[in-house]
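Here is a short tour of charged pairs and a chain-to-chain contact. Have the model open as you read.

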Amino acid sequence: MHVLGVCDHGTGDDALERVVDRLVDRLEREGRVGVVRYDATIADGMQAHDSLTVGGDVSYELGADGDWAASGTGMTIESVVDQLAVDCDYAVVVGVDGLRHPTVVVGADGEAAASADENDDRVIAAVEAPGDLDSDAVLAALEDCDPHETLESLVDRVKRSPKAELSGAIATFTGRVRAKDDADDARTQYLEFEKYEGIAEERMASLKTDLESRDGVLEVELYHRTGVVEDGEDIVFVVVLAGHRGEAFRTVEDGINRLKDEVPLFKKEVTVDDEFWVHERS
Amino acid sequence: MPTEWKLFADLAERAGDKHVTVDASAGDTVGDALEQLVADRSELEERVLDDGDLRSQINVLRNGTNVLVEEEGLETELKEGDELALFPPVSGG
């Protein structure tokens, strides 16, 4: 799934909403779209919409044809985006500053905000008014960015494989940011991954093909995040759909080992009191 | 036509840039391009070369192919429009 942020930088009217409408219309022609609106005024258990059902911390209303509405407490932007990743092709997140995903900024200050932004490769378009929006260009720029995947979205994908009827096993590996190697260790704040653009994707694709050619292995998904990955977040996933557990376990282990050996990715570690390239310490 | 080097991780930091263009072109060797790359970059030279030989941990790719494993090493001849890459041990995951 591709995630697109839309944020307001000095629009005085409904320009933001009109930009969101046009982008959602464009994305809906390509696939299933989830829209998330952040509104800081929703607080203290007040629900975004009046719900027919009363009580419970989370409530769903379901219709016979699968239509639904929901409300609840305790959700974050990250977790709602992760949930959408399972069955949406795109997510549009409105009103969140500092999102780590590609973003369109709307408003008179948009250009200035885009150039002032330290991570200005994150801003893929800045428009002053809805009429300035080239939604085809935004779509193309969005498709060029890394997609957002979760363990669940990859597991769901392999389960939908045409070969799934031959499968009796899924094995997965999740690599995450380890805060400490032992209790006295200086806490790692984040890792930053640099990628050899183009070649990394080629190596991952050929590794996937190689693993999928093994007897009994039906589908393999490999995914590695780049940029800043914070303490406790997931970095890399390997998911194997196989006939039986033996080849699933072996392939998931070989998959992560070969990914670490063969794909040109470089890891900088930032701890509370140091910063270093991991290959220089290991 | 000049040749472009892409540099990664601490090698880019030592060179002061992620992309460096050198004059070596079709008919010259990867070694010629490397010599030009490190010519005015003593910190990078110290990191990647030991007595003129490439340190064992350093990777050199030509269009994604490791010249040390699959080609003629630093003797590999350049072709028009080649992209060269220089990087330390990979550390994904």
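The report below covers the interface and then the salt bridges.

## About the model

This is a predicted model: local features need pLDDT of at least 70, side-chain atom pairs count only at pLDDT 80 or more, and totals for chains, interfaces and linings use all residues. Residues are numbered from 1 along each chain as its sequence is written, chains are lettered from A and ligands numbered from 1 in the order in which they are written, and side-chain values use heavy atoms, leaving out hydrogens and water.

## Where the chains meet

Chain B places 21 residues in contact with 21 residues of chain A (contact means heavy atoms within 4.5 Å). Together the two chains bury about 1,700 Å², 55% of it on carbon and sulfur atoms; this buried area is the accessible area (1.4 Å probe) that two parts lose on being put together, summed over both.

The interface has 3 salt bridges (a side-chain nitrogen of Lys or Arg within 4 Å of a carboxyl oxygen of Asp or Glu). B:Arg47 pairs with A:Glu280 in a salt bridge, at 4.0 Å from N to O.

## Salt bridges in the whole structure

Over all chains, the search finds 30 salt bridges. In one of them, A:Arg178 and A:Asp181 bring their closest N and O atoms to 3.1 Å. A:Arg178 is exposed at 56% relative accessible area, and A:Asp181 is exposed at 59% (exposed means over 50%, buried under 20%, partly exposed in between; 1.4 Å probe, protein chains only).

A:Arg187 and A:Asp231 form a salt bridge at 3.3 Å, N to O. A:Arg187 is partly exposed at 40%, as is A:Asp231 at 29%.
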